[in-house]
Amino acid sequence: MHNKDRSNLVRQAVYAIQHPGRVPRHVRRLARDAWLRLRSPDHMSYYRAVMRSDTARSPYSAVGSKSRERWIKMGRTQFDYLLKHGLRPEHRILEIGCGNLRAGRLLIDYLDTGHYFGVDISPDILIAAQNTIIEYGLREKLPNLTPVRDLKFAFLPDRHFDVVHAHSVFSHSPLHVIEECFAHVGRVLAPDGWFDFTFDRTEGKEHQVLREDFYYHTETLIDLAGRHGLVATFMEDWERLPPKQSKIRVTLPGRNGHA
């Protein structure tokens, strides 16, 4: 959780003085951002280009893991949390922004054959996901991996998924992209299902950095979900785990006593 506005120029200058070794990387990000802004008509195409660039350097860092070891550890944290909250082998899972299967490899192995469906806006990271399937011997589990241009899920069936999962997706999404997801995810969610997503939480000013990182108030996302008939709950138990992002769970009205 962050209270400071990372978009503030004064704070950026102070940070640069305190961490001079990180300045060249930030300058490269600024240059890439300027170039991609000129070439990208919308956020999805912009971030697809970001992922292409990041994946070319390292599929692990492209999904936010600085090393393979951290990739493995974070995937285990996500999987164990879902397991603790009632995930069962017969459940069908839709993972939004599945990346190179950081958690997906564990989900595919655990779920019944054909019950994992991963989507991502980046074809490049999905090629890396195919390599993960081969490396971990998961071909016989018949995972579904599909590139998408939006979060409308128009090609997926109604009430099909018991669990929808999106880790570190909304932390890179402007509100209109998140709202698009909220407007359509209820259709594909099973009546007793749930949708978990993480986000970068701030108690200060909501802001963005280079169109890559977005910081929101919890209430902003809960209220937005409510506008689309969804019940959103802040997950306090997730806050005690190592990931810096926060988590919200969305369900359909009437589930587990919600009205």
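The following legends describe close-up views of a predicted model.

Residues are numbered from 1 along each chain as its sequence is written. In this predicted model, local features need pLDDT of at least 70 and side-chain atom pairs count only at pLDDT 80 or more, whereas totals for chains, interfaces and linings use all residues, and side-chain values use heavy atoms, with hydrogens and water left out.

View 1. Strand β5 spans residues 189–201; strands (E, at least two residues) and helices (H or I, at least four) are DSSP runs, numbered from the N terminus. Of its 13 residues, 11 are buried, so β5 is largely enclosed by the rest of the structure. Buried denotes under 20% relative accessible area, exposed over 50%, and partly exposed in between (1.4 Å probe, protein chains only).

**View 2. Pairing partners of β5.** Two strands pair if DSSP finds at least two bridges between them. Strand β4 (residues 161–166) pairs with β5 in the parallel sense over five bridges, and His165 has Asp196 of β5 as its bridge partner. From β4 the chain passes through helix α8 (residues 175–188) to β5 in a right-handed β-α-β crossover; right-handed means that, with the strands pointing away from the viewer, the path from the first strand over the helix to the second runs clockwise. Strand β9 (residues 246–251) runs antiparallel to β5 and is joined to it by five bridges, with Ile248 of β9 as the bridge partner of Phe197.

**View 3. Aromatic pairs around Phe117.** The structure holds 13 aromatic pairs, defined for rings of Phe, Tyr and Trp (its six-membered ring) with centres within 6.5 Å; planes under 30 degrees apart count as stacked, over 60 as edge-to-face and the rest as tilted. Phe117 and Phe155 have ring centres 6.1 Å apart and planes at 50 degrees, so this pair is tilted. Phe117 belongs to strand β2 (residues 116–120) and Phe155 to the loop between β3 (144–147) and β4, 38 residues apart. Phe117 is buried, at 15% relative accessible area, whereas Phe155 is partly exposed at 45%. Phe117 also forms an edge-to-face pair with Phe161, at 6.2 Å centre to centre and 80 degrees between the planes. Phe161 lies in strand β4, so the pair ties together parts 44 residues apart in sequence. Phe161 is buried, at 2% relative accessibility.

**View 4. Charges over rings.** A charge sits over a ring if NZ of Lys or CZ of Arg is within 6 Å of the ring centre and within 35 degrees of the ring normal. The charged end of Arg211 sits over the ring of Tyr46, 4.0 Å from its centre. Lys247 lies over the face of Trp238, 4.2 Å from the ring centre.
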